[in-house]
Amino acid sequence: MHETVEKILLSEEQIEEAVEKIARRIDSDYTGKEPIAICVLKGSVMFFSDLMRRLQTPMQFDFMAVSSYGNSSESSGTLKVMTDLRTDVKGRDVLIVEDIIDSGFTLMKLKELLGKRGAASVKVVTLLDKWERREYPVIPEYCCFQIPDEFVVGYGLDYAEKFRQLPYIGILR
Ligand code: PRP
């Protein structure tokens with residue numbers, strides 16, 4: 001275990017098992033469809049790549065990087081798109097792949113944006129849901145783990161850009 005990690009919240013094995021379970025649900029819901037999976041950079045990259053490898057559904061991949069600006073605890077906050085999709089989502093089924101939902105602001109704005117661009121459907125799969133911190137009404141269709149309000153790192157999640165490469169989710173010391 002890394003020296004600055006106080007405790008492993010979710011082990012590699014727990015994550016692997018949960019990703020497999022959620023993949024089976026997604027496959028069964030998207031039978032006959034060819035959705036676009038959007039990896040929301042950077043935190044989702046590990047989850048995205050593990051999840052995609054377990055899906056049978058033919059997925060297109062695309063990537064987005066976004067940042068929340070202003071006071072995100074007010075609806076006046078805005079979502080800035082740092083890196084945009086290359087795919088036109090008009091008429092397409094879109095699956096947003098997130099590492100964590102906190103206030104829900106990012107996802108609320110992202111879903112609005114993809115809706116405005118004419119996506120036929122927009123669903124969300126998240127690895128982690130810190131549901132106690134929710135300020136905006138976002139409910140993911142697929143969630144691997146609901147977690148307590150602790151600062152977590154690893155498996156894509158960072159603290160000041162560090163610890164993303166840890167293979168498990170840990171709580172910082
Ligand atoms: C995290 C996460 C979500 C967002 C959730 O991204 O990946 O996109 O924050 O927070 P919210 O529900 O309060 O909006 P972050 O801004 O840390 O960027 P990163 O993925 O590049 O680390």
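**Entry 1: the largest pocket**

I began with the lining of the largest pocket and found that strand E2 (36–41), strand E3 (60–69), E5 and H3 each supply at least two of its residues. Helices (H or I, at least four residues) and strands (E, at least two) are DSSP runs, numbered from the N terminus. This is a predicted model, in which local features need pLDDT of at least 70 and side-chain atom pairs count only at pLDDT 80 or more, while totals for chains, interfaces and linings use all residues. I also noted that residues are numbered from 1 along each chain as its sequence is written, and that side-chain values use heavy atoms, with hydrogens and water left out.

For the term itself, I worked on a 1 Å grid over the protein atoms alone, where a pocket is an open set of points at which a 1.4 Å probe fits, with protein on both sides within 12 Å along at least five of seven lines, and where lining residues have an atom within 4 Å of a point. The largest pocket holds about 820 Å³ of space, a volume being the space filled by probe spheres set on the points, which are joined across faces, edges and corners. It has 29 lining residues, of which Glu-98, Asp-99, Ile-100, Asp-102 and Thr-106 are the closest to its centre. I sorted the lining by class into 11 nonpolar, 8 polar and 10 charged residues, where Ala, Val, Leu, Ile, Met, Phe, Trp, Tyr, Cys and Pro count as nonpolar, Asp, Glu, Lys and Arg as charged, and the others, Gly among them, as polar.

**Entry 2: the ligand**

I then looked up where the ligand is, and the ligand sits in the largest pocket, which requires more than half of its atoms to lie within 2 Å of the grid points. Around the ligand are 14 residues, and Glu-98, Asp-99, Ser-103, Gly-104 and Thr-106 come nearest; a residue is near if one of its heavy atoms lies within 4 Å. Strand E5 (93–101) and helix H3 (105–116) each supply at least two residues of this shell, and E5 gives the most, with 4 residues.

For polar contacts (pairs of N or O atoms within 3.5 Å), I noted a polar side-chain atom of Glu-98 at 2.6 Å from an oxygen atom of the ligand. A polar backbone atom of Gly-104 is 2.7 Å from a ligand oxygen atom, and a backbone N or O atom of Gly-43 lies 2.8 Å from an oxygen atom of the ligand. The protein covers 73% of the 500 Å² of accessible area that the ligand has on its own, by the Shrake-Rupley method with a 1.4 Å probe.

**Entry 3: the second largest pocket**

About 190 Å³ of space lies in the second largest pocket, and I listed its lining residues, among them Glu-12, Met-46, Arg-54 and Tyr-155. Helix H1 (12–29) and helix H2 (45–54) give two or more residues to this lining, and H1 gives the most, with 4 residues.

**Entry 4: the backbone**

I checked Tyr-155 again and found its phi near 50°, a positive value in a residue other than glycine; Tyr-155 is in the loop between strand E8 (152–153) and strand E9 (169–172). A cis peptide bond, with omega about 0°, joins Leu-41 and Lys-42, and I placed Lys-42 in the loop between E2 and H2.

How values were computed: Polar contact = N/O pair within 3.5 Å; in protein donor to acceptor, adjacent residues only side chain to side chain.
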